[in-house]
Amino acid sequence: MSIKIDYLIVGSGLTGGTIARMLQDSGREVLVLERRNHIGGNVHDHFHPSGIRVHTYGPHYFRTNSDRLWEFVNRFSSFYKYEASLKSFVDGNFENWPIAGSYIKKEIGENWKPSFEGNPENFEEASLKIMPELIYKKFVKGYTEKQWGIKASELSADLAKRFDVMEDDEPRLMRHKYQGIPANGYAEFTKNLIDGIPVILNFDFLQNQEMFDVRKKLIFTGPIDEYYNFELGKLEYRGQKRIHSYFEDKDFYQPCGQVNYPSPEQGNFIRILEWKHILPTEYSKRIKGTVITKEIPFSPQNPNDYEYPFPSSRNQTLFKKYVQRAQADDKLIICGRLGEYKYYDMDQAIARAISIANKIIEGVYDPEKYYNLSLSS
Ligand SMILES: Cc1cc2nc3c(=O)[nH]c(=O)nc-3n(C[C@H](O)[C@H](O)[C@H](O)COP(=O)(O)OP(=O)(O)OC[C@H]3O[C@@H](n4cnc5c(N)ncnc54)[C@H](O)[C@@H]3O)c2cc1C
C-alpha cells in the first residue's frame, strides 16, 4: 500500500523548508522527507560541549539587500548583527580579505595596474585583470588551486566574479543592507521554518520511492544526477573535510572568525574558522577555551558531501541533459543548490524557493520556463 500525498518535498534545507512552509500556509497537504538525522540541510549548526556553536557544514553568514526577504526570515528568528570580516595569512601577517587597496599600494606603489588586459578566457586571466601578478600569486592562485584541485588557468573566468579589490580598505566581506546570524542558530531557525509540518528524518526517498503516490508535485532538492541514478554520468563537486580542535586554555586562536591560508606551503587546508568570533560577544565571553575548524578541500563521491558545483563545460553540458529529462515530467520539480547544480547564497536559495512556491500556489508553474531561466541566469 502506498502513501498518498499531494506535495512530497524531498530535503529539509532552505529550499525544501521554504517551499514546504509556503505550501502548508496556503492550505496544501505537504510531507517532507530528509535522509540526514537533522533538518536544515547544509545550514545546520550544533553545539560543541564547550557551549560554542559550530556551523556543521562550514561558516554561514546571512546577508541580503531585500527588505521582503529580511522580513520573511525574521518570521522564524531574530538575527544578531554579524558582518564577516576575513583575513588572509600572507608572509606571516594577517592581511585583509578582500585585498585592501592600501596593501597593494604598499607592495607595488601608488600607480599599480592590473597585469592583464583584454578579454579573460580563464580564472587566472580574469583575476589578473583586477590585480597585479604579485598580489594574485600571494592571495589568490594557491587558494584557488587548493580549493578546486586544478590549475587556476584551467578554471572558468566567471569564478573571479566572486571577489574584488577593496580600494577603500573596507574590511567587511560584503556590504549588504542586512547581515546577521539567527539569534539561536540555524538549527533553531530551520526548526521554526518547518514548525508544524510533518517531516520524516533518516529517510532516503530514492531508496523508497515506491512507497509514495504523489498526487500533485514531487519537489526534489537533492542532486539531480542522483535522482536519475547517475545514468548519464556524474556531475562533479568539491567538498571539504573538517578537522575540529578545542583549545581549553586559549581565549582566542586567531584575530577573526575566518582566516584564509592561500599558500600551498601552509598545508592542504584553505581556511581556519574560529567559531567564538562568530557568536555574540556577550555570549562568547562567558565560554572557556575556543574551537577552531580547518577546512580541507576534496572531490567527494558521496552525495552527502557535495558542496560546490565544479565549474566546467563538461558539467554544464551534462547538467542540461538531466534538465531535459526533468522537464519532460510535469509532476516533478528538481530545485535547490543540488537540484539546479548551482551555488546559491542562502538569500538566493530562499528567494528562488519563494518564487517556485508562489508559482505552484497560483497554478502557473511551467517546467519549460523555470529550467530555461535557471540555466541562463
Ligand atoms: C561551505 C559552504 C559555505 C556556505 N556559506 C554561505 C554563506 O556564508 N552565506 C550564504 O548566504 N550561503 C552560504 N552557503 C550556501 C548555503 O549553504 C545554501 O544556500 C543552502 O544550503 C541551500 O539550501 P538547499 O535547501 O538548496 O540545499 P541543502 O541545504 O543541501 O538541502 C538539501 C537537503 O536535501 C536532502 N536530501 C538530498 N537527497 C535526499 C534524498 N534522496 N532523500 C531525502 N533527503 C535528501 C539533504 O540531506 C539536504 O538536507 C554556503 C555553502 C557552502 C557549501
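**From the ligand outwards**

In this predicted model, 35 residues lie around the ligand, and of these Gly11, Gly13, Gly41, Gly222 and Gly336 come nearest. By kind, the residues of this shell divide into 15 nonpolar, 12 polar and eight charged. Three helices, α1 (14-25), α10 (336-339) and α11 (346-362), each supply at least two residues of the shell around the ligand.

The loop between α10 and α11 holds Tyr341, whose phi is near 50°, a positive value in a residue other than glycine. Is Tyr341 buried or exposed? Tyr341 counts as buried, because 26 other C-beta atoms lie within 10 Å. Asn202, however, is exposed, because it has 10 other C-beta atoms within 10 Å.

An open sheet of three strands has the order β5-β9-β6, and the pairing is antiparallel. The edge strands of this sheet are β5 (62-64) and β6 (79-81), each of which pairs on one side only, and the twist averages 40° from one strand to the next. Between β6 and strand β9 (residues 178-182), which run antiparallel, there are three bridges, and Phe79 stands opposite Pro182 in β9.

Strand β12 (237-247) and strand β15 (residues 290-298) pair in the antiparallel sense over nine bridges, with Phe247 standing opposite Thr290 in β15. β12 is also joined by two bridges to strand β16 (residues 308-309), and these two strands run antiparallel; here the bridge partner of Tyr237 in β16 is Pro309. On its own account, β15 pairs with β14 in the antiparallel sense over four bridges, and in this pairing Glu274 stands opposite Ile292 in β15. Strand β13 (residues 258-260) and β14 likewise pair in the antiparallel sense, over three bridges, with Asn260 opposite Arg271 in β14.

Which residues of strand β14 (residues 271-274) point one way, and which the other way? In a regular strand the side chains alternate between the two faces of the sheet. In β14, Arg271 and Leu273 point one way while Ile272 and Glu274 point the other way, and all are buried.

Tyr7 is found in strand β1 (residues 3-10) and counts as buried, because 22 other C-beta atoms lie within 10 Å, where 20 or more are required. Leaving aside its neighbours within four places in sequence, Tyr7 is in contact with Leu23, Arg28, Glu29, Val30, Lys216, Lys217 and Ile219. From Tyr7 to Val30 the C-alpha atoms are 4.9 Å apart in space, although the two residues are 23 residues apart in sequence.

Tyr228 has its place in the loop between α7 (224-227) and β12. This residue counts as partly exposed, because it has 16 C-beta neighbours inside 10 Å. Its contacts, leaving aside neighbours within four places in sequence, are with Tyr322 and Arg325. The C-alpha atoms of Tyr228 and Leu206, 22 residues apart along the chain, are separated by 9.4 Å.

One peptide bond also deserves mention. A cis peptide bond joins Trp97 and Pro98, with omega about 5°, and Pro98 is found in the loop between β8 (93-97) and α3 (101-108).

Notes: Residues are numbered from 1 along each chain as its sequence is written. This is a predicted model: local features need pLDDT of at least 70, side-chain atom pairs count only at pLDDT 80 or more; totals for chains, interfaces and linings use all residues. Two strands pair if DSSP finds at least two bridges between them. Axes are lines fitted to C-alpha atoms, for helices over the stretch in contact, and angles run from 0 to 180 degrees between N-to-C directions. A residue is near a molecule or strand if its C-beta atom, placed from the backbone, lies within 6 Å of it. Ala, Val, Leu, Ile, Met, Phe, Trp, Tyr, Cys and Pro count as nonpolar, Asp, Glu, Lys and Arg as charged, and the others, Gly among them, as polar. A residue is buried if 20 or more other C-beta atoms lie within 10 Å of its own, exposed if 12 or fewer, and partly exposed in between; C-beta atoms are placed from the backbone. Two residues are in contact if their C-beta atoms, placed from the backbone, lie within 7 Å.
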